[in-house]
Amino acid sequence: MKGVSPILVVIALLALVPIVTTSPVVLNFLVTTLMIALVGQGWNLLGGYGGQYSFGHAAFFGTGAYATAILQLRYGVNAWLGFAAAIAAGALVGAIIGAMSFRAGLKGSYFALVTLAFAEVLRIVASVAPVTGAGVGLLIKLDLRPEAFQFQSRLPFYFIALALVAASLIVVRLIEDSRFGAYLVAVRENEEAAKALGVNVVVVKFTAMSVSAAITAAGGGFYAQYFLFVDSGIAYGPWISIEALLAPIIGGAGTVFGPLLGALVVKVLGEIAKLLTGDAPGLDLIIYGGVLILVVAFAPRGIAGLIVSVRGVFQKARDTAALERSRG
Amino acid sequence: MAEPLLHVDNVSKRFGGLLAVDKASFTAEAGRITALIGPNGAGKTTLFSIVSGFAAPTEGRIRYQGADITGQPPHKLARQGIARTFQITQPFAGLTVRENIAVGSHLFRPRRIDALAAARAVAEAVDLGDALDQPAISLTVAGRKRLELARALAIEPRLLLLDEVLAGLNPSEVRDMMPVIRAIANRGVTVVMIEHIMQAVMSLAEQVFVLSEGRIIAQGTPHDIAADPRVIEAYLGHGAAQRMTAGAAHG
Amino acid sequence: MLSPVILVPALLNGLMTGAIYALVALGLTLIYGVLHIINFAHGALLTAAMFAAFFAHKLFGLDPYVAAAGLTPLFFFIGYGLQRYVIGPAAHGEDRNILLVTLGLAVVIENTLLYAFRADTRTINLPYAFEVVEFGNAFLAKPRVIAFGTMVGVALVLWLLMRFTDTGKAIRAVAKEKLGAELSGIDVAHIYAVTFGIGTACLAIAACLLLPTYYVNPHAGNAFVLVAFTVVVLGGMGSVMGALLGGLFVGVVESLSGLYLGESLGQIGIFVMFILVLLLRPSGMFGERA
């Protein structure tokens, strides 16, 4: 996929959806899908492109959500500024965890473990600390004005989510086509070889982690504004760490559109789970876990990979046909 | 005489109880091809790892371009002009040949377009021009060795460490690769090569160092080395030199 | 405060909790040592075993120590099957995939338990759960003494297995040099599965030992596995001795720090210790570099 134009086309198409329907159910589905796509794109940068699998991206999502909630509730900060601060806070947490982990040389399973642990520490702290509302959580005051980043209808949220996703797609696309992107992928493929070519592996990983965290934190900040409620389980719980990695893996890790495609699948599966059992806890995650295993087993490059393979099959068929024709 | 570009000075490397390298010293003159030979397990690759920053010596110093570079990490040394290839090729498996080389080209070229263009030029110099868009894993052994070489060249090194770049090639592939290496040296790059293929060592190297059990046991021109009984013993075992001269006397 | 009357029982109790940690850590380190994977599903499997032991008691009235006789082989086969038919094939041998597959398994198992049994915490009541054994001037809870003894027994059995049986030798061969073992005709996939099965069987034993004095809920296994992970990283990934000694050591530290600092250290302390151990000593004291 060369250039930014495919992104603009996709976004334009999605922007036209409200012409077809303004049903709150559909819009809600799409908004939450876009939110997961955003969070997943963050994971995708570090995991898909960089090859460093984080099992604790909740740490950044939750920090984004709490940052904006706390700033608004405790310090009366404007919601939009709070949102910007959420992204910065997420990036900071990402930088700290990244600095510690990568300087210690953690990779592979050890890195996954340590990210899991960090997310859990934050969750436990948030569940008891007064500033995060302890066991009760935080409720952002209802104030349905655009200045407060709240709206009467879902439509403005939809467009904002779309804009955020568009931004994340463009950022990743630009990285893909840059030296940083080339270095990031080299680190994923073979760290030692990358070092021998002048790549500062620790700095590359650290940078990727910080940007990844910032994107994911934006998703968290958006969540806080859309649902107006945050608690430790929502902010730092395993559910979001799993969805953050599931979307890109299903859609195609290391591709620009992977997280968006995958987020759609994840949300559809989630809706199916709800249909089957109402609100019984656990079923949606069971499905997610099962799908994760199936995707890894049968389609490790995700949907994007399948599309490439199918295209390859068609191309081969076309080539063979052309060969036959030239012979005959 | 000018100071050599590379001066490995009394380097030792200990791994737990094993002394892999024992007070080894060698030099590489600027613009020349130097060979490092010796039986398997002698410590040659360990020395390369130390010179390229992948390992730190237990004792000794490395001087490069007149400065002490001991202990600096690989990526810093790459920026200062030291490139190495790996004995077991280490391609970026998921990338194409062009993308592989471009990672090296990017060192001095921030823009993607420039790096990709430079990668093409390097590929053509090592005769990989036809394979630019192939996935790196689809290359033959000879192709992978060329890719390994191309990537190292892409960072425009002054010192090129080749670790058995001819290993695994059939005789005609070896014959094809040798002029490539000669051409690199002719362009002013200092080459140090670890090699087992004596034909290449004899015809390419201007200076040879022999490493056995971690120690430098001989040095000189290829001609001197070939006749040196200590070298023969190192490769063929104790008493081999004597048996050979005795055999020659009888035959 | 340092009086032996208080210290010794705390020490002994720590040893006994440590025995459980050691058993859980043993499975983890064995799996790592042979398969070179970090089993993210370990916690969920422990929880599953605890539920199994719980229901063995609730539905069939089986005493956990008796249930262990049946659950241990059952969980051996579960572990064997998981490695042979799920993890091995799905991962295609790639490390990154193995990570995801074991994570997926953990999520599936834990949430299946959550879905089936809700989040309630359950306990069982056993008549002898509060009986004590006198040891010098210390009164030790009977179930915990049994736990310690069992750990020693299991360690012994495993040592004998590794040393003297063909399977044990095959396991050691695969752990040391997989390619060579394969070339000598060893069925590596089978050995991997056997090892995973042994690791899971250890969990079943640990679960049965825990049940008399502990509770069960879908997250119960995680706390133990986290400590076990810490133990394994501290004692060295792949080192059996490290796992055993490390487990006992952590148990004692936990007990003694509980004495001086109270129970408020809680889970945060365990996680922080875990993070610090990962950051500072990923190779542990006995094992290989990360």
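Me: Which chains share the most contacts?
Reply: This is a predicted model: local features need pLDDT of at least 70, side-chain atom pairs count only at pLDDT 80 or more, and totals for chains, interfaces and linings use all residues. Residues are numbered from 1 along each chain as its sequence is written, while chains are lettered from A and ligands numbered from 1 in the order in which they are written. Two residues are in contact if their C-beta atoms, placed from the backbone, lie within 7 Å. Of the 2 pairs of chains in contact, the one that shares the most contacts is chains A and C.

Me: Which element gives the largest share of the side of chain A that touches chain C?
Reply: Here 34 residues of chain A are in contact with 32 residues of chain C. At least two residues each come from α6 (108-128), α12 (238-251) and α14 (283-298) of chain A. Helices (H or I, at least four residues) and strands (E, at least two) are DSSP runs, numbered from the N terminus. The largest share, 12 residues, belongs to α6(A).

Me: How many charged residues are on that side of chain A, the one that touches chain C?
Reply: Nonpolar means Ala, Val, Leu, Ile, Met, Phe, Trp, Tyr, Cys and Pro; charged means Asp, Glu, Lys and Arg; the others, Gly among them, are polar. The side has 27 nonpolar and 6 polar residues. The charged count is 1.

Me: How far apart are the nearest C-alpha atoms of chain B and chain C?
Reply: Chain B and chain C do not touch. Their nearest C-alpha atoms are separated by 13 Å.

Me: Which residue of β5(B) stands opposite B:Arg63?
Reply: Strand β4 (residues 59-64) of chain B runs antiparallel to β5(B), joined by 2 bridges. Opposite B:Arg63 stands B:Asp68.

Me: Which residue in the hairpin of β1(B) and β2(B) takes a positive phi?
Reply: The two strands pair in the antiparallel sense over 7 bridges. B:Lys13 stands opposite B:Val21 in β2(B). The hairpin has 2 residues between the strands. The positive phi, near 60 degrees, belongs to B:Gly16.

Me: Is A:Phe222 buried or exposed?
Reply: A:Phe222 lies in helix α10 (residues 201-227) of chain A. Beyond its neighbours within four places in sequence, its contacts are A:Met35, A:Ala161 and A:Leu164. A residue is buried if 20 or more other C-beta atoms lie within 10 Å of its own, exposed if 12 or fewer, and partly exposed in between; C-beta atoms are placed from the backbone. With 26 C-beta neighbours inside 10 Å, A:Phe222 counts as buried.

Me: What is the radius of gyration of chain C?
Reply: Chain C has 11 helices and 2 strands. The radius is taken over C-alpha atoms, and the globule rule is 2.2 Å times the number of residues to the power 0.38. For 290 residues the rule gives 19 Å, close to the value of chain C, so chain C is as compact as a globular protein of that length. The radius of gyration is 19 Å.

Me: What share of the residues in chain B is buried?
Reply: Chain B has 10 helices and 10 strands. Its C-alpha trace spans about 65 × 40 × 40 Å along the principal axes. Of its 251 residues, the buried share is 43%.

Key. Two strands pair if DSSP finds at least two bridges between them.
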